[in-house]
Amino acid sequence: MNTRLMVLLENTQQAAELLKSAAPLAQALNLKLCAVHVLPLQSELRLRTVEDYPFGHCGVACLDAPPELPEGVTLERIVVEAPDEVQGVLHALNHIETTLLMMGTHGREGVRRMLE
């Protein structure tokens, strides 16, 4: 059974806000919160937890030091190493049971987003 709300994160300040805004939804739907970042570095696809990196840090601010989340929200921190972002996202979706997917919009919204 799918049990996760996957949140795709970039290494930006807005990533922490996106993760914080996803937490109440995960809590209301009784889903685990799964923060995923794609590192377009490798020629082959690989999923790693943040804990798999030396010293438990992957270099992605929001994953290395996640924001405080409501009590009872379980957070999984995943990094996908992939040739590019699209392959990384698809790989994550194929290998992590996911009920919902949430991602940011680079700060664009409404009509401005449609026109860009």
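**Entry 1, ground rules.** I number residues from 1 along each chain as its sequence is written. The model is predicted, so I take local features only at pLDDT of at least 70 and side-chain atom pairs only at pLDDT 80 or more, while totals for chains, interfaces and linings use all residues, and side-chain values use heavy atoms, without hydrogens and water.

I looked up the strand order (strands are DSSP runs of E, at least two residues, and helices are runs of H or I, at least four residues, numbered from the N terminus). Five strands form an open sheet in the order 3-4-2-1-5, with mixed pairing. Strand 3 and strand 5 are the edge strands, as each pairs on one side only; I count two strands as paired if DSSP finds at least two bridges between them. Neighbouring strands are turned by 25 degrees against each other on average, direction ignored. My axes are lines fitted to C-alpha atoms, for helices over the stretch in contact, and angles run from 0 to 180 degrees between N-to-C directions. Strand 3 and strand 4 pair in the antiparallel sense over four bridges. I noted that Arg-46 has Glu-81 in strand 4 as its bridge partner.

Contact here means heavy atoms within 4.5 Å. Among the buried residues of helix 1 (residues 13-28) I list Leu-18, Leu-19 and Ala-22. Buried means under 20% relative accessible area, exposed over 50%, and partly exposed in between, with a 1.4 Å probe and protein chains only. After helix 1 comes Asn-30, with a positive phi near 55 degrees.

I picked Val-7 in strand 1. Val-7 has a relative accessible area of 0%, so I record it as buried. Beyond residues up to four places away in sequence, Val-7 touches residues including Leu-18, Leu-19, Ala-22 and Met-102.

Which residues of helix 3 are buried? In helix 3 (residues 85-95), they are Gly-88, His-91 and Ala-92. Seen down the axis, the buried residues of helix 3 fall within an arc of 100 degrees, so they line one face of the helix; the arc is that of the directions from the helix axis to the C-beta atoms. The face turned away from the buried side carries the exposed Val-86 and Asn-94. His-91 is buried at a relative accessible area of 14%. Leaving aside neighbours within four places in sequence, I found His-91 in contact with Leu-45, Arg-46, Leu-47 and Val-80.
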